[in-house]
Structure formats: structure tokens, C-alpha cells
Amino acid sequence: MTFHPKIDYRELHRSARQLPYDDGKPFTYTDENRRRFEEIAKRYPPEGRKSAILPALYLVQRQLGFVSLNAVHHVAEVIGCTPADVEDVVSFYTMFYTKPVGQYVVQVCRTLPCALRGAERVTEELTSALGTGPNGTDPTGTFTLIEVECLGACDRAPLVMVNDGWHECLAPEDAKALAADLRTRGEAALGGCHHGKADAGK
């Protein structure tokens with residue numbers, strides 16, 4: 001027995017802000033991405049479909065390259081929540097982009113372990129090699145350069161993340177070579193995840 005009132009927290013956290021559509025093209029998932037989303041959504045009870053917002057947004061970003069307002073509305077419709085609920089997630093997490101980015105998003109960790117091992121100089125070298133400063137995209141639309149907080153591999157500093165791949169222990173003097181390698185080989189130029197290297201060596 002309890003004297004506390006029963007509260008439906010799903011309704012308590014329902015955001016009702018009105019969001020506009022943008023002037024770009026309407027967005028809908030491809031048939032394949034819609035199927036992939038529905039497979040993910042099956043992991044949650046029907047009333048907990050909102051828990052799939054993060055993977056839903058990753059599917060948008062992989063399809064479109066960023067998360068537009070039109071995509072926010074589409075995700076809300078697919079999930080059954082408000083557009084503001086979805087936008088709250090987009091605006092909170094730094095891994096979602098709300099405007100077009102380059103083919104390769106190069107993120108340089110600037111948190112203390114990476115900073116102590118020359119991350120600022122890595123950014124300077126990449127700025128010169130990629131043709132854009134931090135938070136910018138080069139004129140060809142190939143590279144977007146971003147400085148970020150901890151990427152979670154402090155023992156492998158300085159750490160650079162390109163799209164979904166890692167390049168570890170990047171000395172400042174090697175940054176230009178990595179940039180050139182990215183131009184020719186794409187993500188194949190990356191050193192990969194430390195755990196992946198360890199597993200491969202077994």
C-alpha cells in the first residue's frame with residue numbers, strides 16, 4: 001500500500017513544443033532503413049517504442065548525412081511521439097549533425113590525456129592538411145573537422161575519430177600523412193579500435 005500517486009512518467013516527459021518543417025526535401029526512410037528500424041523497435045515493448053529514438057536517428061544520419069527538421073518529424077511519426085521529443089535528443093547529443101557535413105567527419109579529442117600528448121597540434125596540422133578549421137567543412141565537401149570531448153580511449157591518445165572509425169596514438173607530425181591517406185583510401189586508412197587490434201592478434 002502506498003500514499004504516493006501513480007504517475008505516468010511517459011506523459012510527464014512528453015515535450016509538446018511546436019517545431020517547424022525546414023525548406024529542404026521531405027524525408028522518409030528508405031524501405032530498407034524502415035525495415036531495420038522496425039527490427040530494432042521490436043526489442044522494446046509497444047509502449048516503450050520511444051526508447052528507439054537513438055537508433056532511429058542513426059539510421060537518418062546514415063541515410064541523409066545529417067538530421068534535418070523534416071527527418072525529425074518523420075522519426076516522430078514513425079515512433080509515435082512528438083517532434084519535440086525527437087529534437088530534444090538531437091540537440092543533446094553531439095554525434096548528431098543538424099546541417100550537412102563532409103563525407104568524412106574528422107573529430108579530434110581535446111580532453112586532458114589527448115591534450116597532454118599534442119591534440120592541439122594535431123588539430124593545427126589537420127586544419128592545414130584538410131583545408132578547414134575546427135567546426136568547418138572544406139570547400140569540396142570532403143572533410144568536416146570538429147574538436148570534441150573524450151572519445152573513450154585515453155590510453156591511446158591522441159585519438160581521432162573519422163565517421164565511425166578510430167585512429168589512435170596520432171602524433172602531430174603524422175597528422176598530414178593521415179589526411180593524405182584518407183583522401184586516397186578513405187576509412188581504410190584508419191588504425192582501428194584498440195580492442196579490435198588486440199583481438200586480431202590472438
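A term for the tour: buried means under 20% relative accessible area, exposed over 50%, and partly exposed in between (1.4 Å probe, protein chains only). You're looking at a predicted model, where local features need pLDDT of at least 70, side-chain atom pairs count only at pLDDT 80 or more, and totals for chains, interfaces and linings use all residues. Numbering starts from 1 along each chain as its sequence is written, and side-chain values use heavy atoms, with hydrogens and water left out.

Select residues 104–109 to begin: that's strand S1, with 6 of its 6 residues buried. (Helices, H or I of at least four residues, and strands, E of at least two, are DSSP runs numbered from the N terminus.) Tyr104, Val106 and Val108 are buried on one side of S1, and Val105, Gln107 and Cys109 are buried on the other.

(Strands pair if DSSP finds at least two bridges between them.) Cysteine 109 has valine 148 as its bridge partner here. Next comes S4, residues 160–162, antiparallel to S1 with 3 bridges; look for valine 160 opposite valine 108.

Go to the loop between S3 and S4 for proline 158. The peptide bond from alanine 157 to proline 158 is cis, with omega about -10°.

Last stop: cysteine 169, in the loop between strand S5 (165–167) and helix H8 (175–185). Its phi is positive, about 55°, though it is not a glycine. How exposed is cysteine 169? Partly, with a relative accessible area of 35%.
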